[in-house]
Amino acid sequence: MQEKLFPQCGPVVEGLEYTGLCKPAKAVGGDYFDFLNLGPGRLGMALGDVSGKGVSASLLMASLQAMLRIHSEEHWNSPERLTGDINRHLCQATEASRFASFFYAVYNANSRLLTYVNAGHNPPMLLRLNGEAGRSLGAEAAEKPGAGPSLIRLAATGMVLGVDPCTEYQSESLRMEEGDLLVIFTDGVTEAMDKSETEFGEENLSLLLADARHRCAREIAEEIVAAITRHQGTAPQADDITMIVAKVIPRKSSSRKPHAPAHDS
């Protein structure tokens, strides 16, 4: 049942290929991602991580999805108002001890403008191919400063959902360019541990993205999961692994590629 809550396909967006993937640690989990059709050339991308594990977390995740889809039609051009509405409803419907981190972005294919709200979630990684306005990454940068891609983190613009109904959220915007790579992920990605309890870590993820940046979105997502699996070795998966990978491509190319299975057992 939970697998059907994840999007089985998404709208075609010219000049953008994207994919979503969730690999639960247990039979059910509290991670969530979604793609929303907000009209011609506009895509909503959402990813959340509900506190706790098991059935109770999955039920709260289903409530988050329902509220997002209801309010996205009313607030398609205002991610901050949408997030505020979801937060108020979650506060009314859940216990004070239950909360969710949440990242929501609207991508406009015509302007390549990304407008987002980060409600206490892990800062997504935006890899810029042109190497500007961020920390340089990869072997190219080591040989020649400024030559390689650069990393920008999309920091929190408000607190987690479900704690304070009066919380106000701010949106931020940035313009993406051809080749830019956006990766939104839950902490199950970077906190995946091997037998010695060493985490996979954000540094490994950022370097992997720099190396894999020329691949398509789906291949990049699959490579992230493969790298985490190699890192874990024989250690069990402790948390859900969930991500969205989106890449700006030439507008004359095909747009959305079929995304990876939303749920792996």
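The legends below accompany close-up views of a predicted model.

**View 1. The whole chain, for orientation.** Before zooming in, here is the setting. The chain carries 6 helices and 11 strands. Of its 265 residues, 55% are buried. Among contacts with a separation of 6 or more, 75% link residues 24 or more positions apart.

View 2. As background, nonpolar side chains in soluble globular proteins tend to be buried together.

**View 3. Met 45 and its partners.** Setting aside neighbours within four places in sequence, Met 45 is in contact with Asp 34 and Phe 35, with Phe 103, Tyr 104, Ala 105 and Tyr 107, and with Leu 114, Leu 182, Ile 244 and Ala 246.

**View 4. Helices α5 and α6 side by side.** Helix α5 (residues 201–212) packs against helix α6 (residues 217–232) at an angle of about 140°, and their axes are 11 Å apart. Because of that angle, α5 is oblique to α6; the cut-off for roughly antiparallel is over 145 degrees. The crossing of α5 past α6 is right-handed. On the α5 side, the contact is formed by Leu 205, Leu 208, Leu 209 and Ala 212, and on the α6 side by Ile 220, Glu 223, Ile 224 and Ala 227. Sorted by class, this contact has 7 nonpolar residues, no polar ones and 1 charged.

**View 5. Asn 118, a buried residue in strand β5.** Asn 118 sits in strand β5, and its relative accessible area is 0%, so it is buried. Leaving out neighbours within four places in sequence, Asn 118 contacts Phe 102 and Phe 103, Pro 123 and Pro 124, and the run of Leu 154, Ala 155, Ala 156, Thr 157 and Gly 158.

View 6. Arg 112 is found in the loop between β4 and β5. Its phi is near 60°, a positive value in a residue other than glycine. With a relative accessibility of 12%, Arg 112 counts as buried. Glu 178 belongs to the loop between β9 (172–175) and β10 and, at 45% relative accessibility, counts as partly exposed. Although these two residues are 66 residues apart along the chain, their C-alpha atoms are separated by 9.0 Å. Besides Arg 112, Glu 178 touches Leu 129, Val 248, Ile 249 and Pro 250, residues up to four places away in sequence not being counted.

**View 7. Glu 197, an exposed residue with positive phi.** Glu 197 lies in the loop between α4 (187–190) and α5. Its phi is positive, about 65°, although Glu 197 is not a glycine. The relative accessible area of Glu 197 is 61%, so it counts as exposed.

Definitions and conventions:
Residues numbered from 1 in each chain as written. Predicted model: local features only at pLDDT ≥ 70, side-chain atom pairs only at ≥ 80, totals over all residues. Heavy atoms only, no water. Axes fitted to C-alpha atoms, helices over the stretch in contact; angles between N-to-C directions. Helix = DSSP H or I, 4+ residues; strand = E, 2+ residues; numbered from the N terminus. Parallel < 35°, antiparallel > 145°, perpendicular 65-115°, else oblique. Left-handed = near helix turned anticlockwise from the far one by under 90°. Contact = heavy atoms within 4.5 Å. Nonpolar A, V, L, I, M, F, W, Y, C, P; charged D, E, K, R; others polar. Buried < 20%, exposed > 50% of the residue type's maximum accessible area, 1.4 Å probe, protein only.
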